[in-house]
Amino acid sequence: MKLCKYQSLNNTFFLVENASIHSKLAIDLCKKSNFGGADGIISYQRRHNQISVDLFNSDGSAAGFSGNGFACVAMEVFRTSTANRLTLESSTILLQVEKSHDGIRLILPKMESNLSEKYPFLHSVRDVPYRLIYVGNEHAVFFDTVDSSKVQSYFADPTLFPDGININLAKIIHAQEIDLVVIERGCGLTPACTSGALATVIAAIAEERCSPPVNVRQSGGLICIDMNSEGRFVVDLNPELLGKYQWDGKIISALI
């Protein structure tokens, strides 16, 4: 199996084209012993300019959307084709991607992001409220200082969130800037989460705390969330190809 490894901000992914992937493969491949490992593995299939995507996190859990992961797929397709615009589709989201002068632009679909009906209970932890936001995956967004260990324990309750959820701990600096820490389902504390940045901005706009464009700062870098003339959120990213590899089922080796 031929793989390539990409990085977007501080997130890394193994990409494979036209291959079936599964939980055990993700766990095996993403180990740090395999050239530093990865945050996940993504399989993609091309049908002209429409790309279908399957993503597994490093712990083997399936994921419907990763902004950085999808950006990596788009960059590889742009690198190996003449396309300038793509449609990426997973089990949970369909979005447009455009080639830009210094990378790629994700154009998110308009969607109903509120999860109140799916989780019809009080959304607070020890009297600290949070918002549940859906952007192709699910996020709980806090705008108040909270104890992250207590928050993680609460969201780990399978009777409340049977599939787990991403936890966003946000601090509003001003209307165009947010500091953010994301504890990602399947990966743990992550240095940069584009979908988390997007969910946090949506929640901040809903509470009239921010207005686009909004710079979201995480330890792995800055993500700017803006809105285009159609009222769709857009994100500019610049993924980088790190290497090409061969996986024989047991050993991963570099391709020169």
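Q: Is glutamate 177 buried or exposed?
A: Glutamate 177 counts as buried because its relative accessibility is 18%; buried means under 20% relative accessible area, exposed over 50% and partly exposed in between, with a 1.4 Å probe and protein chains only. This is a predicted model, in which local features need pLDDT of at least 70, side-chain atom pairs count only at pLDDT 80 or more, and totals for chains, interfaces and linings use all residues. Residues are numbered from 1 along each chain as its sequence is written, and side-chain values use heavy atoms, with hydrogens and water left out.

Q: Which strand holds glutamate 177, then?
A: Glutamate 177 belongs to strand E14 (residues 177–184); helices (H or I, at least four residues) and strands (E, at least two) are DSSP runs, numbered from the N terminus.

Q: And what is glutamate 177 in contact with?
A: Neighbours within four places in sequence aside, Lys171, Ile172, Val214, Asn215 and Arg217 are in contact with glutamate 177, where contact means heavy atoms within 4.5 Å.

Q: Changing topic: where is proline 213?
A: Proline 213 sits in the loop between helix H4 (194–206) and strand E16 (214–218). A cis peptide bond, with omega about 0°, links proline 212 to proline 213.

Q: What about glutamate 208: buried or exposed?
A: Glutamate 208 has a relative accessible area of 72%, so this residue is exposed. Glutamate 208 is also in the loop between H4 and E16, and its phi is near 55°, a positive value in a residue other than glycine.

Q: Last one: how many residues of H2 are buried?
A: Twelve of the 13 are buried, so H2 is largely enclosed by the rest of the structure. Among them are Phe70, Cys72 and Met75.
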